[in-house]
Amino acid sequence: MAQHPLVPPSPRYQPRLFRSFFQGSFPCSSARRAGGRRLDMVISSGHDMLLDKDYAALAQEGLRTARDGARWYLIEATPGEYDWRSFLPMVHAAARHDLQIIWELMHFGYPDHLDIFHASFVDHFERFARAMAQLMRNEGVEQPFFTPINQISFWSWAGADVAWLNPYASDRGKELKRQLVRASLAAMHAIREVYPQARFVLTDPLVQVAADPANPDSKPYADAQHQAQFEAWDWLAGRDAPELGGSEDFLDILGLNYYPDNHWFFPGDPLPDDHPSRLPLHRLLLQCWQRYQRPLLLAETGAEGDARTPWLHHVSAEAMLALEQGVALEGISLYPVVEYPAWADDRRSPGPLFGLGDPNGNRTLHEALALELRSQQIKWQKRRQD
């Protein structure tokens, strides 16, 4: 009888880290924009007033894991004093609705009394992180997930290279990135003193920077800019800039924020969807996985208007391809999951699953996106059973 050659086992990966593969990300930035105006997305989206309804709505749609944020600027408005009234209701509501939350400690916003470039900033953030972890432990949270600082690389560029948001600096992006890495590491050390089992989702954009075929001399610059997206993670891991105190132990889960416009030619022209240079999402995920061998989470993804439904279909298909290649992708988080006046220009965000609340506190469900979500959830459930 003929002998069949041995077939190697499939490298396909089975997600297992979060309560649900499909998740929701709440807008929770508290950045200061032009003129120093504070934009609190928790307030402008109505999430502060509709907290219970919002968490219940996510659970109803099968989104059992979510990203949400503590607002440090409110909690430590007075130096060294913590007022948890804006945060405790969130912890309690999550418990009531059995929702697993990845808590952000700082999403572009910080107390007015701090200078983000000063050494004392790191000390304040470390103490805040420890106090927040202790509060959650006292409230009975057993397996916490945290994002110490959202999008270190993006914030460093937006806040300290082009002065688009606080701290409104120019040509200081590298300095701010180093400071945010220091603060992130200090916060993770402090949290693990309270929660040795804490997990960390470290977010930054997942991008492709390509050389324009019409300008082949730009390739070294495009390659350098593409590689720069990994710099903060490399520093956190201690693979580079070891003087910052990074360690592989703190490079835990990589949170990748990915949108349709995350592909461009150097130095900044959009890379068309159908251009042969454009790398598909599963290839970008594979690059990240091969570099770090860490669990990945698509921590933010979404498209605007009528594109939101086909975008979810596309991202889900790409995620399946990545998983079949052995990439440890643990989830896809829809952003924004609720509508808000966009923090960049005050227009209404046109891509959420749930609209702004009406006078009775009810949000409209975007039916087409919800149907696509349910279809994808069914596919993923079948995959788990295979």
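This is a predicted model: local features need pLDDT of at least 70, side-chain atom pairs count only at pLDDT 80 or more; totals for chains, interfaces and linings use all residues.
Residues are numbered from 1 along each chain as its sequence is written, and side-chain values use heavy atoms, with hydrogens and water left out.

**Stop 1: aromatic pairs**

Select Phe154 and Trp157, both in helix α6 and three residues apart, about one turn of the helix. Helices here are DSSP runs (H or I, at least four residues), as are strands (E, at least two), numbered from the N terminus. The two rings form a tilted aromatic pair, 5.8 Å centre to centre with 50° between the planes. Rings of Phe, Tyr and Trp (its six-membered ring) pair if their centres lie within 6.5 Å; planes under 30 degrees apart count as stacked, over 60 as edge-to-face and the rest as tilted. Trp157 is partly exposed, at 43% relative accessible area (buried means under 20%, exposed over 50%, partly exposed in between, with a 1.4 Å probe and protein chains only).

Next, pick Trp233 and Tyr292: their ring centres are 6.0 Å apart and their planes at 80°, so this pair is edge-to-face. The pair links distant parts of the chain, with Trp233 in helix α9 (residues 231–236) and Tyr292 in helix α10, 59 residues apart. Trp233 is buried at 1% relative accessible area, and Tyr292 is buried at 1% too. The structure holds 29 aromatic pairs.

**Stop 2: charges over rings**

Show Arg38 and Tyr73: the charged end of Arg38 sits over the ring of Tyr73, 4.1 Å from its centre. Then show Lys177, which lies over the face of Trp235 at 5.9 Å from the ring centre. The test is NZ of Lys or CZ of Arg within 6 Å of the ring centre and within 35 degrees of the ring normal.

**Stop 3**

Most residues other than glycine have a negative phi, and most peptide bonds are trans. Select Phe108, in the loop between β3 and α5 (119–138); Phe108 has a positive phi of about 70° and counts as buried, at 1% relative accessibility. Ala163, in the loop between α6 and α7, has a positive phi near 55° and is partly exposed at 30%.

Which residue does a cis peptide bond join to Asn166? Pro167 is the partner, with omega about 15°, and Pro167 is found in the loop between α6 (152–160) and α7 (173–194). Finish at Phe266 and Pro267, whose peptide bond is also cis, with omega near 10°.
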